[in-house]
Amino acid sequence: MFYQSNFLNLCVIGICASLQLALFYNNPILPLACVGIFGVAFATYSLWFWFSKPAMIATDKFLSDISGLYLLYCLITSVLDSPAPWSFYISVTAPIAILLIFLLRLDRRQRSAE
């Protein structure tokens with residue numbers, strides 16, 4: 001349940017996207033600040049989860065699976081010496097597409113529950 005948490009998966013996607021932006025910018029101060037914010041949010045949520053032991057958290061198998069694939073993609077492209085320009089475009093558009101798909105799926109689930 002911990003690894004399928006929506007919040008943690010969105011934090012992982014945000015950390016990866018920010019690190020990819022930091023790799024491609026000459027002045028990576030803003031992307032690294034975003035990495036720090038996502039990292040603090042991840043750590044705070046993890047501590048809250050482990051110490052308060054909530055009975056239920058929001059989970060989504062799709063988001064968990066896709067965030068793992070995006071993490072692998074970011075790890076592979078970050079170790080390349082000179083990545084192709086299209087890898088930057090994928091690194092920027094993929095998290096936006098993942099977020100939109102997740103929100104559409106969430107909206108569909110809430111409408112079917114009503």
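At 52% relative accessibility, Lys-61 counts as exposed, where exposed means over 50% relative accessible area, buried under 20% and partly exposed in between, computed with a 1.4 Å probe and protein chains only. The model is predicted, so that local features need pLDDT of at least 70 and side-chain atom pairs count only at pLDDT 80 or more, whereas totals for chains, interfaces and linings use all residues. Residues are numbered from 1 along each chain as its sequence is written, and side-chain values use heavy atoms, with hydrogens and water left out.

## Salt bridges

A search of the whole structure finds four salt bridges, a salt bridge being a side-chain nitrogen of Lys or Arg within 4 Å of a carboxyl oxygen of Asp or Glu.

| Pair | N to O distance |
|---|---|
| Arg-105 and Asp-60 | 3.1 Å |
| Arg-111 and Asp-107 | 3.2 Å |
| Asp-65 and Lys-61 | 3.5 Å |

Arg-105 and Asp-60 meet through their side chains; because Arg-105 lies in helix H4 (residues 85–113) and Asp-60 in the loop between helix H2 (29–52) and H3, this pair ties together parts that are 45 residues apart in sequence. Helices here are DSSP runs of H or I with at least four residues, numbered from the N terminus. Asp-60 is buried, with a relative accessible area of 4%, while Arg-105 is partly exposed at 33%. Both residues also belong to a network of salt bridges that links Asp-60, Arg-105 and Arg-109.

The pair Asp-65 and Lys-61 lies within helix H3, its two members being four residues apart, about one turn of the helix. Asp-65 is partly exposed, with a relative accessible area of 41%.

In helix H4, Arg-111 and Asp-107 are likewise placed four residues apart, about one turn of the helix. Arg-111 counts as exposed at 60% relative accessibility, and Asp-107 is partly exposed at 32%.

## Nonpolar surface

Leu-69, Leu-71, Leu-72 and Leu-75 make a nonpolar surface patch of about 370 Å², with accessible areas taken from the Shrake-Rupley method with a 1.4 Å probe, where for residues only the protein chains shown count as cover. Patches are made of residues with over 30% relative accessible area and no salt bridge, like charges being joined within 9 Å and nonpolar side chains (Val, Leu, Ile, Met, Phe, Trp, Tyr) within 5 Å. Leu-71, one of the patch residues, is placed in helix H3 (residues 61–78) and is partly exposed, with a relative accessible area of 33%.
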